Amino acid sequence: MSGRRKRIVIVGSGVAGSILAYGLRDLPDAEVICLERASADDHSDAGTGLNVGPNAIKALRRFLPDLADLLLSASLPWKSWRISLTGGRELMNLPLSQVADNDGIRIRWSQLYALLRQPVLDHVRFGVEVTAMRYARAGEAGPIVVETIDRATGAGGVIDGVDLLVGGDGRYSRVRETFLGRPRPYFLGVCIFRLLIEQSRIDLVDDYEQWFNGPNRLLAFRVPGNGTYIAGSFPIDPDEDVPDGVKRADALRALYTPRDGAPSDQCAFLIDAICSNLADIHWARLQEAPPVFSDPGQRILLLGDAAHPMVPTLGQGATQAIEDACVAVTRLRKALHGGGDIGTALEAIEQQRRARVEFVVDFSRDATDTMLAGADPVAGSLAKTRPDFQAKLARLYRDVPAA
Ligand SMILES: Cc1cc2nc3c(=O)[nH]c(=O)nc-3n(C[C@H](O)[C@H](O)[C@H](O)COP(=O)(O)OP(=O)(O)OC[C@H]3O[C@@H](n4cnc5c(N)ncnc54)[C@H](O)[C@@H]3O)c2cc1C
């Protein structure tokens, strides 16, 4: 082992980056620097909720039990998945205990970020954006050099001598683009919008539920602190942006109102909430890109959305970022503490993650079938009650990485 501590730079203190920083923070043989462009109190991108799969909680319990306890203490349990039509007819009501070993969680984004960042505050430089990265040129201390800018002061900075650069910088990863090229996204032709309202009607909406009107889908659940998270989706042209005309209250109301009658009380509550909070809605298009974990030079590791942007249909984006981070913590700790080789650790991470991630990406895409143009949500949702689909769900929720 060389005498110098290994310098690890993590780009992004999101889900994967924060957990990795947490897992490596106390290693005597490593210096861990996490760079996050958002300021410590900026949650502007985080004004929504999310459900984290049972598999993430199972993985955290196995690898980083303190973090599992932390998340469980600040969230609501996700225990069931119900699907209905917006008029009220129930199509599926699945207790997750049938397909998982433990509950998932429901949480606010801002809370999730705050909880994961809190234990690593000393290791994160907030308000610092990574602007450029490269393998060192002649005269520079390598293997990797990172250029940054302080977003508050505009001051530039350079971090050299970086032994491992981790891209935990999300879906539009600059790390991935720099070292592995910009991935070509595949658009499924579905718009998804998200909204968090500071109101709950526990008599109407509590645990995770979905409602269909044709392929147009509402999804909602209650989150801690008297809030309700709502996500709506509808088919769009895969080659076009979300049309402005549909971002109006009358258009959105029409998407979810059954043609043959009034919406159920649950859906009336959600539709009214959407139409009264148009300005707070976050709009996106369902997209994915091929998974990739490291570069040929074996100094770059991608985790979470940077490695495998997937569609959010099964709530597995942040969930898989958590699984990734758990595996990376173990493999890198072993390499760094035992004087092992970083390249070997990156190979081991990819070997442990690739097949699992490909399964999740494919399953998430397949489960989007009921949201595509022309889909029949009744047949598609009933199919999700059958043993083959539920066996895949059990594989998703139970087969977490081995420690
Ligand atoms: C509509 C929708 C709904 C979703 N719902 C769910 C859900 O219910 N459950 C679920 O598990 N997942 C869900 N996801 C997916 C989830 O949002 C992501 O998969 C998850 O956040 C990925 O975590 P990450 O750590 O890879 O990246 P992120 O959490 O996105 O973190 C990336 C971090 O990097 C920082 N960063 C980026 N570039 C730089 C730079 N150049 N310099 C410094 N910092 C940088 C960012 O500020 C950010 O903090 C959903 C996604 C969408 C679009």
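1. A polar contact is taken here as a pair of N or O atoms within 3.5 Å; within protein, one atom must be able to donate a hydrogen and the other to accept it, and residues adjacent in sequence count only if both atoms are side-chain atoms. A backbone N or O atom of V130 lies 3.0 Å from a nitrogen atom of the ligand. With oxygen atoms of the ligand, the corresponding backbone distances are 3.0 Å for G315 and 3.4 Å for G317.

2. The model is predicted: local features need pLDDT of at least 70, side-chain atom pairs count only at pLDDT 80 or more, and totals for chains, interfaces and linings use all residues. Residues are numbered from 1 along each chain as its sequence is written, and side-chain values use heavy atoms, with hydrogens and water left out.

3. The ligand is surrounded by 31 residues, of which the closest are A16, E36, N51, Y113 and D305. A residue is near a molecule or strand if one of its heavy atoms lies within 4 Å of it.

4. Helices (H or I, at least four residues) and strands (E, at least two) are DSSP runs, numbered from the N terminus. A21 is placed in helix α1, residues 15–24. Because its relative accessibility is 0%, A21 counts as buried; the classes are buried under 20% relative accessible area, exposed over 50% and partly exposed in between (1.4 Å probe, protein chains only). Setting aside neighbours within four places in sequence, A21 is in contact with I10, V32 and V120, contact meaning heavy atoms within 4.5 Å.

5. Two strands pair if DSSP finds at least two bridges between them. Strand β9 (residues 128–135) pairs with strand β10 (residues 144–150) in the antiparallel sense over seven bridges, and A132 has E147 in β10 as its bridge partner. β10 also pairs in the antiparallel sense with strand β11 (residues 156–162), over five bridges; here I144 is partnered by V162 in β11. The hairpin of β10 and β11 has five residues between the strands, and in it G154 takes a positive phi near 80°.

6. Helix α11 (residues 387–398) has twelve residues and reaches 16 Å from its first C-alpha to its last, close to the expected 16 Å, a span defined as 1.5 Å times one less than the number of residues. Its buried residues are F389, Q390, L393, A394, L396 and Y397. Seen down the axis of α11, these residues fall within an arc of 160°, so they line one face of the helix; the arc is that of the directions from the helix axis to the C-beta atoms. On the other side of α11, P387 and D388 are exposed.

7. The packing partners of the buried residues of α11 include α2 (54–63), β5 (80–85) and α9 (342–366).
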